[in-house]
Amino acid sequence: MTKLALFGAGGKMGMRLGANLAKTDEFETMHVEVSDAGKAAVREAFGVDCVDVDVALDGADIIVLAVPDTVIGKVSHGIIDKVKPGAMIFVLDGAAPFAGHLPKRDDVTYFVCHPCHPPIWNDEKTSEGRRDYFGGIAAEQGIVNVLVQGPESDYALGERVGKAIYAPVARSHRVTLKQFALLEPGLSETVNGSLMKVLRMAMDEVVKKGVPYDCARDFLLGHMNIMGAVMFDQHKGVFSDAANKAIEFGIPVLMKDDWLRCFDDDEIVASVKRIT
């Protein structure tokens, strides 16, 4: 089997990844965790003990850093001298690599793989699948991959790891590191997260003005469903003239004229720096 060292094994993401790795016989997983609580969680969930860093890295082919973006630089620099030539350092987000926080080492591969999370419109047949909002349990999702550096032949290995830790995977996409930064934090967090927060604030304002909470929530989520389906090519339909007119006049009230500058290079760089 391919030896895989999972750093941060007892954390939120580490436990998610560890659960899926336990389902495959493709990788020999070495769990690495610094906290006593995390070590206990790994032992209880998977029936194995965490190992020391040196044991995990000895001959490891893949090193998965399931740690926060803010410490990826520190962790990677702390272990880089113990990583064997040709090994792959696998990170779950593109922010740290994009910001240049990974150590200089030409004979190792750097790979990024991030989940898309299950889509709003899917064909999940089970209750477990329909309620798997994050992914990695029962609902199919896409993944996004970046071969930051390393031989082209390593892409298949990185994708294989991604499909294992984020299973079940429906689609796998390959992008550049810059394109990943446009997706996150740009598209998914800066834009989508902000607008979702605005939607919640708008619903709360309607409730404050007297509309019952359940009514407002049903009305908003239902309209998000059908209007989103039309907007994002899930359903062939058109909005009413009244809806189109409301959108035409609503966008200038809600959005600054230059809001698309959040995708400019300098804005993306600044956004990544803020989170790393």
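User: Where does Val175 lie relative to strand S7 and helix H8?

Analyst: In this predicted model, Val175 lies in the loop that runs between strand S7 (169-174) and helix H8 (177-208).

User: Which residues are in contact with Val175, once its neighbours within four places in sequence are left aside?

Analyst: Val175 is then in contact with Val144, Asn145, Val146, Phe180 and Leu183. Leu260, for its part, is 85 residues away from Val175 in sequence and 21 Å away in space, taken from C-alpha to C-alpha.

User: What makes Leu147 buried or exposed, and in which strand is its place?

Analyst: Leu147 belongs to strand S6, which covers residues 141-149. Its relative accessible area is 15%, and because the cut-off for buried is under 20%, Leu147 is classed as buried. Leaving out residues up to four places away in sequence, Leu147 touches Thr109, Tyr110, Phe111, Glu152, Asp154, Tyr155 and Arg174.

User: Which residues touch the most other members of the largest nonpolar core, and what is in contact with Ile89?

Analyst: That core has 27 residues, of which Phe7, Ile63, Leu65, Ile72, Ile79, Val83 and Ile89 touch the most other members. With neighbours within four places in sequence set aside, Ile89 is in contact with Ile63, Leu65, Ile80, Val83, Thr109, Tyr110 and Phe111. Another core, of 24 residues, lies apart from the largest one, and its members include Leu21, Phe111, Ala164 and Ile165. In soluble globular proteins, nonpolar side chains tend to be buried together.

User: How do you know what share of the contacts in the protein joins residues 24 or more positions apart?

Analyst: Among contacts with a separation of 6 or more, residues 24 or more positions apart account for 66%. As for burial, 37% of the 276 residues of the protein count as buried, while the protein exposes about 15900 Å², 57% of which is supplied by carbon and sulfur atoms.

User: What is the secondary structure of the protein, and what does UniProt place at residues 122-276?

Analyst: The protein comes to 11 helices and seven strands. An unreviewed UniProt entry places the feature "domain: Phosphogluconate dehydrogenase (decarboxylating) C-terminal" at residues 122-276, and over this range the chain is 59% helix and 10% strand, with its end C-alpha atoms 33 Å apart.

Terms used
Residues numbered from 1 in each chain as written. Predicted model: local features only at pLDDT ≥ 70, side-chain atom pairs only at ≥ 80, totals over all residues. Heavy atoms only, no water. Helix = DSSP H or I, 4+ residues; strand = E, 2+ residues; numbered from the N terminus. Buried < 20%, exposed > 50% of the residue type's maximum accessible area, 1.4 Å probe, protein only. Contact = heavy atoms within 4.5 Å. Areas by Shrake-Rupley, 256 points an atom, 1.4 Å probe, with all protein chains shown as cover. UniProt positions renumbered as here; feature names shortened; annotations may be inferred. Core = buried A, V, L, I, M, F, W, Y, C linked by side-chain atoms within 4.5 Å.
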